[in-house]
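Hi everyone, thanks for coming along.

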Amino acid sequence: MTSILSPFTALCSVGFFARLSYALARSPVLPLFALYLGAGPEAIGFAVGISTVTGIFFKLPAGALSDVIGRKRTMLIGLLFFAFMPFTYLWVKDYSLLVIIRFIHGLATAIYGPVAMAVVADVAGAKKGEMLSWFSSVTIIGNLLGAPLGGFILHRAPGAANPSLADFQYAYLASGILSLVMALSVLKGDKPQQQESGVTKAYKRFISGIKEVISDRNVVITSGMEGLQNLTVGALEAFLPIYAVTVVGLNEFQAGLLWGVQVIVTILSKPIIGKTSDRYGRKPLISIGMVLCAVFFGAIPLLQSFYTLMMAAIIFGLGESFVTSSSAALVADICKEKHFGTAMGTFGTIFDIGHASGPILAGFLLASHSYLFSFWVMSALLLIATPIFVMTVKVHKT
């Protein structure tokens with residue numbers, strides 16, 4: 001990234017292209033590709049969730065590594081995975097290879113995500129909610145554009161046959177080209193960290209980050225709320241396109257738009273909600289968001305038209321914004337004396353457990369139950385957790 005841009009603007013620009021390419025390759029392209037390859041509900045959920053499983057194992061090490069060798073150097077490693085992995089999908093002819101590639105592709109967000117959040121937390125001060133929300137809103141514009149773009153590539157023309165293998169390859173080729181454009185942006189100006197005893201320092205930060213989460217009930221439960229909310233996000237990523245196409249009868253482009261409209265609501269509302277959490281507290285906003293997500297996630301199997309599904313997606317996106325604008329900032333507040341790379345990596349691990357579990361759990365439920373039963377079970381988890389969070393987490397005003 002050229003020195004003309006401010007560090008925050010450069011970070012947002014790189015995040016935009018990274019998320020655009022990743023979203024194009026993920027929803028609705030990925031679940032429909034798995035369906036094309038003959039995968040059943042459980043296998044579709046696993047294919048969507050496996051890249052997030054990567055984050056469970058690698059976000060904490062990536063965060064700790066950034067504390068040792070520098071944030072931007074670590075992010076550059078993640079950018080290399082963004083740049084080259086989409087082209088590997090061109091060789092996929094069976095489900096097993098798809099799963100392997102998805103796991104490796106997950107290293108892109110596993111490395112880049114927590115480190116980028118740590119950069120923002122480093123400079124945000126008392127405005128963590130607002131700054132993290134602005135960063136998130138700018139970068140997830142890529143998600144907004146990527147999902148319908150992927151659906152558009154697959155849809156081709158009204159009345160056309162179902163997507164062919166070549167259509168999926170075109171989608172991944174487009175993702176790869178966008179990723180290479182993003183990779184040409186080189187982040188500069190990072191101050192190198194002291195390297196002596198690097199291994200020892202990294203090990204201590206691993207232990208420090210783990211102890212931070214395990215020993216602090218507030219961190220564990222707050223991170224758990226984000227994880228549970230991500231449970232429903234992951235399930236929707238995997239099965240909203242399938243439900244929209246196979247049950248409601250929408251086309252692939254409309255399925256992509258449903259995900260896109262949810263993202264645009266999140267983009268528009270996150271900075272406002274993040275700033276509100278800085279001023280008035282994060283805990284009430286997390287609780288409101290959990291209830292909104294639970295209710296409207298559970299309502300989706302009752303809806304049978306494009307416009308009602310769009311309304312549910314809009315309100316679900318608002319609920320997601322309430323939770324995500326406040327939870328990471330609250331964890332950063334609690335961990336303010338620690339290294340943010342390790343802290344954000346640890347937090348990312350917990351919410352990735354939820355995100356990865358969502359499509360997998362939904363897939364297993366749908367294998368033997370209806371959409372209504374499966375979605376209501378997952379909604380109930382959010383509703384049960386909310387009063388526990390309210391009664392248990394204690395926020396000390398500073």
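So, the aromatics: there are 14 aromatic pairs in this structure. A pair here means rings of Phe, Tyr or Trp (for Trp, its six-membered ring) with centres within 6.5 Å, and planes under 30 degrees apart count as stacked, over 60 as edge-to-face and the rest as tilted. One of the pairs is Tyr89 with Tyr172, which is stacked, at 4.1 Å centre to centre and 0° between the planes. This pair connects distant parts of the chain: Tyr89 sits in the loop between helix H4 (71–88) and helix H5 (95–124), while Tyr172 is in helix H8 (residues 165–183), 83 residues apart. When I say helix, I mean a DSSP run of H or I with at least four residues, numbered from the N terminus.

Before I go on, a word on the model. It is predicted, and local features need pLDDT of at least 70, side-chain atom pairs count only at pLDDT 80 or more, while totals for chains, interfaces and linings use all residues. Residues are numbered from 1 along each chain as its sequence is written, and side-chain values use heavy atoms, with hydrogens and water left out.

Back to our two tyrosines: are they buried or exposed? Tyr89 is buried, with a relative accessible area of 1%, and Tyr172 is buried too, with a relative accessible area of 1%. Buried means under 20% relative accessible area, exposed means over 50%, and partly exposed is in between, with a 1.4 Å probe and protein chains only. Tyr89 and Tyr172 also belong to one aromatic cluster with Phe33, Tyr36 and Phe168.

Just after H2 comes Gly38, with a positive phi of about 95°.

Next, helix H3 (residues 41–69). H3 has 29 residues and reaches 42 Å from its first C-alpha to its last, close to the 42 Å expected at 1.5 Å a residue. That expected span is 1.5 Å times one less than the number of residues. Where does H3 bend? The bend is at Phe58, by about 45°, and a proline, Pro61, follows within four residues. The bend is the angle between axes fitted to the seven residues ending at a residue and the seven starting there. In H3, 21 of the 29 residues are buried, so this helix is largely enclosed by the rest of the structure. After H3 comes Gly70, with a positive phi near 110°.

Now the charged side chains. How many salt bridges does a search of the whole structure find? It finds three, where a salt bridge is a side-chain nitrogen of Lys or Arg within 4 Å of a carboxyl oxygen of Asp or Glu.

Glu237 and Arg26 meet in a salt bridge, 3.0 Å from N to O. Glu237 lies in helix H10 (residues 217–248) and Arg26 in helix H1 (residues 7–26), so the pair ties together parts that are 211 residues apart in sequence. Both Glu237 and Arg26 are buried.

Lys59 bridges to Asp352, with the closest N and O atoms 3.1 Å apart. Lys59 is in helix H3 and Asp352 in helix H14 (residues 340–368), 293 residues apart. Lys59 is buried, with a relative accessible area of 9%, and Asp352 counts as buried at 6% relative accessibility.

Arg282 and Asp278 also meet in a salt bridge, 2.9 Å from N to O. Here Arg282 counts as buried at 9% relative accessibility, whereas Asp278 is partly exposed, with a relative accessible area of 23%.

Another lysine to look at is Lys128, which is in helix H6 (residues 128–139) and counts as buried at 9% relative accessibility. The C-alpha atoms of Lys128 and Ser325 are separated by 9.3 Å, with the two residues 197 apart along the chain.

Last stop, helix H7 (residues 141–155). H7 has 15 residues and reaches 22 Å from its first C-alpha to its last, close to the 21 Å expected. Of these 15 residues, 11 are buried, so H7 is largely enclosed by the rest of the structure. Among the buried ones are Gly142, Gly146, Gly150 and Gly151, and also Pro148 and His155.

Notes:
Helix = DSSP H or I, 4+ residues; strand = E, 2+ residues; numbered from the N terminus.
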